[in-house]
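Residue lists come with each site.

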Amino acid sequence: MSTITRRIQKNLIHQAWPIFIASLAGVSFGVLDTMMLGNFNAQSLQVISLAASIYITVTVSLMGVIHALIPMFSQLFGANQKTEIGILWGQGIWLAFIISLIVGLALLFPDIWLSISGNIAENVKEEIKTYLRITFFAMPATLMFRAVYALCTSTSRPKLIMYINVASIFIKAFFNWVLIFGHLGLPALGSVGAGLSTLIVSWFTLLFGLWLIFSDTYYHQFSLKLGLPQWKYCKDILKLGIPMGGSYFVEISAFTFMALLAAREGVHVSGAQQIQMNLVALLYMLPQSIGVATAALSAQAIGRQNYIQSHFISLQGLWLGLLGAILTILVIYFGKPYIVSLYTNDPQVAIMAASLLSIVPLFHLLDYFQCDITYILRAHKVATIPFITQAVLLIGLGLGGGYYFGYGAGKGELTWLGDILTPGAAVGVSSLWIMCCAALLLCGFILSIWYYIIIQPHLKKSKIGAAALQ
C-alpha cells in the first residue's frame with residue numbers, strides 16, 4: 001500500500017468515524033422510541049411505526065435540501081473562499097427555517113398518509129395525529145441544525161457534531177423515560193411522550209450547536225453571519241438541494257409506504273416491520289458516514305481543481321464502505337436472536353421480526369453501494385440523475401413491484417424466493433423487501449456508470465495537462 005493511499009484512508013477514517021458516531025446518536029432517538037414503546041404496549045409500537053415514518057419522511061426529505069450545503073461548502077473550502085462560506089451558511093439557516101414552516105404543514109394532515117394503511121383503529125389515528133402536531137414544532141430546529149452539521153462536516157471538523165449528538169442521547173433517553181412511562185409524578189403518555197421528548201431534544205441540539213460554533217475561534221475565519229434572506233444564494237442552494245431532497249424523499253418514503261402497507265397485515269407484522277426499518281436505518285449510518293466523508297474530501301479536491309485526487313478519494317471511500325458493510329453483515333448474521341430480544345418482548349412480533357431480518361445482510365450490501373456512489377456524485381454537484389434513477393427504481397420497481405407481488409394481482413408469486421430470503425415472513429412485507437433489493441441492485445449499477453461518464457473527461461484532461469508539464 002502506497003503512502004498516498006494510506007494517507008487518504010487515514011483522512012477518510014478520521015473524517016468518517018465522528019460522523020458515524022454522530023449519525024448513530026441521531027438515529028438512536030428512533031431506536032429509543034421503538035424499544036421503549038415496544039416495551040410499553042403493542043399499540044404504541046404501531047403508533048410510532050406509522051407516526052415516526054411520516055415525520056421522518058418529511059423531515060429527512062427537507063434535510064436533503066439543506067445538505068446541498070455540504071458539497072457547496074466543501075468546494076468553497078478547497079478553493080479557500082472562506083468568507084463566501086460564512087454568507088452561504090446564514091442563507092442556509094434562513095432557508096431551513098422557511099421550508100420547515102411551509103413543507104412541515106404536511107405533518108398536520110396525516111389522513112392522506114394513513115389512507116394507505118387501510119382500516120386503523122380510531123384511537124391509534126388520534127395518537128398519530130397528536131404525535132405529528134407536536135413534532136411539527138420540532139422541525140424548524142431540526143432543519144436549522146443541518147446547516148451547522150454541513151459547516152462542520154465540510155470543513156473537516158465533524159467531532160463537534162458528534163459531541164452534540166452524543167449529549168442529545170442522554171436528554172432524549174431521560175425525557176422518554178419520564179414522559180413515556182410516567183415518572184417523576186407525570187402521567188404515562190406513551191407515544192405522545194416520545195413526541196414531546198423529540199421536541200425538547202431538537203431545540204436543545206440547535207441551541208447547543210450554535211453556541212459551540214460561535215464559541216470556537218476556528219469558525220471565526222468564516223465570518224458567519226445571518227443577514228437577511230437573499231434569493232441569489234437561496235436559489236443556488238435549492239438548485240442542488242431540491243434533487244438531493246428528492247433523493248432523500250424517494251429513499252425514505254419507500255420505507256414509509258412499506259410501513260403503511262405492512263399495517264394491513266396486522267399489529268404484529270406492523271411492529272416487526274418497524275423493528276426491521278429501525279435496524280436498517282441504524283445500519284445505514286455506516287455507509288452514509290463514509291459517503292459523507294468521501295464526498296466532503298472529494299469535493300475539497302474538486303475545489304482545488306485536482307480531479308485525479310478526487311477520483312482516488314472516491315475509490316478509497318468505496319473500498320472502505322465495502323469493508324464496513326461486510327463487518328456489519330457478520331454482526332447481523334450471528335447476532336440476530338439478541339437483536340430481536342432488545343426490541344420487543346412480544347413473542348409474535350419477535351417471530352415475525354426474526355423472519356424479516358434474514359434478508360438484511362443482502363439488503364445492506366446493496367444499500368451500501370448505491371448510498372456511497374450517490375454521495376460521490378453529489379461531491380461533483382450531480383444530484384438530478386441520482387434522484388431520477390432512485391425515483392424510478394426505488395418507487396417504481398421496489399415499492400410498486402413489492403405492492404404488486406405482496407398485495408396486488410401478483411400476490412404470492414414471489415413466495416418461492418421469500419422462502420429463501422425471508423422464511424416465515426408474511427407475504428406482503430416479504431415481497432416489499434425482495435423487490436427493494438432488486439431496485440437497489442439496479443440503482444447502484446446505473447449510478448456507477450454515470451459516475452464513470454462524469455469523471456472520465458476530467459481524468460483525461462488532467463493526464464494530458466500533467467504530460468504537457470513534463
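## Pockets, a cavity and helix packing

The second largest pocket is lined by Ile13, Ala16, Trp17, Phe20, Leu286, Ser289, Ile290, Leu320, Leu323, Gly324 and Leu327. Helix H1 (3–38), H11 and helix H12 (307–343) are the elements that each give two or more residues to this lining. Its class count is nine nonpolar, two polar and no charged residues. The space inside is about 150 Å³. The model is a predicted one.

The largest pocket holds about 250 Å³ of space. Its lining consists of Met72, Gln75, Leu76, Glu84, Leu88, Tyr233, Asp236, Lys239, Leu240 and Lys381. Two or more of these residues come from each of H3, H4 and helix H10 (231–262). The top contributor is H10, with four residues. By class, the lining of the largest pocket splits into five nonpolar, one polar and four charged residues.

The whole structure has two cavities of 30 Å³ or more. The second largest cavity contains about 50 Å³ of space. Around that cavity sit His67, Ile70, Pro71, Met244, Val292, Ala295, Tyr375, Arg378 and Ala379. Helix H3 (69–78), helix H11 (267–303) and helix H14 (360–379) each provide at least two lining residues. H14 gives the most, with three residues. The lining of the second largest cavity counts seven nonpolar, one polar and one charged residues.

| Site | Space | Lining by class |
|---|---|---|
| Largest pocket | about 250 Å³ | five nonpolar, one polar, four charged |
| Second largest pocket | about 150 Å³ | nine nonpolar, two polar, no charged |
| Second largest cavity | about 50 Å³ | seven nonpolar, one polar, one charged |

Now the helix pairs. H3 and H4 have axes 10 Å apart and pack at an angle of about 170 degrees. H3 is therefore roughly antiparallel to H4. On the H3 side, the contact uses Leu69, Met72, Phe73, Leu76 and Phe77. On the H4 side, it uses Glu84, Ile85, Leu88, Trp89 and Gly92. By class, this contact of H3 with H4 has eight nonpolar, one polar and one charged residues. Met72, Leu76, Glu84 and Leu88 belong to the contact, and these residues are also among those that line the largest pocket.

What partner does H4 meet at roughly 160 degrees? The answer is helix H7 (residues 139–154), whose axis comes within 8 Å of that of helix H4 (residues 82–103). H4 and H7 are therefore roughly antiparallel to each other. Their crossing is right-handed. H4 brings Ile85, Trp89, Gly92, Ile93, Ala96, Phe97, Ile99, Ser100 and Leu101 to the contact. H7 brings Met139, Pro140, Leu143, Met144, Ala147, Val148 and Leu151. The contact of H4 with H7 comprises 14 nonpolar, two polar and no charged residues.

H4 links these two contacts. Ile85, Trp89 and Gly92 take part in the contact with H3, and these residues also take part in the contact with H7.

How values were computed
Residues are numbered from 1 along each chain as its sequence is written. This is a predicted model: local features need pLDDT of at least 70, side-chain atom pairs count only at pLDDT 80 or more; totals for chains, interfaces and linings use all residues. Side-chain values use heavy atoms; hydrogens and water are left out. Axes are lines fitted to C-alpha atoms, for helices over the stretch in contact, and angles run from 0 to 180 degrees between N-to-C directions. Angles under 35 degrees count as roughly parallel, over 145 as roughly antiparallel, 65 to 115 as roughly perpendicular and the rest as oblique. A crossing is left-handed if the near helix is turned anticlockwise from the far one by less than a right angle, and right-handed if clockwise. Contact means heavy atoms within 4.5 Å. Ala, Val, Leu, Ile, Met, Phe, Trp, Tyr, Cys and Pro count as nonpolar, Asp, Glu, Lys and Arg as charged, and the others, Gly among them, as polar. On a 1 Å grid over the protein atoms alone, a cavity is a set of points where a 1.4 Å probe fits but cannot get out, and a pocket is an open set with protein on both sides within 12 Å along at least five of seven lines; lining residues have an atom within 4 Å of a point. Grid points are joined across faces, edges and corners, and a volume is the space filled by probe spheres set on the points.
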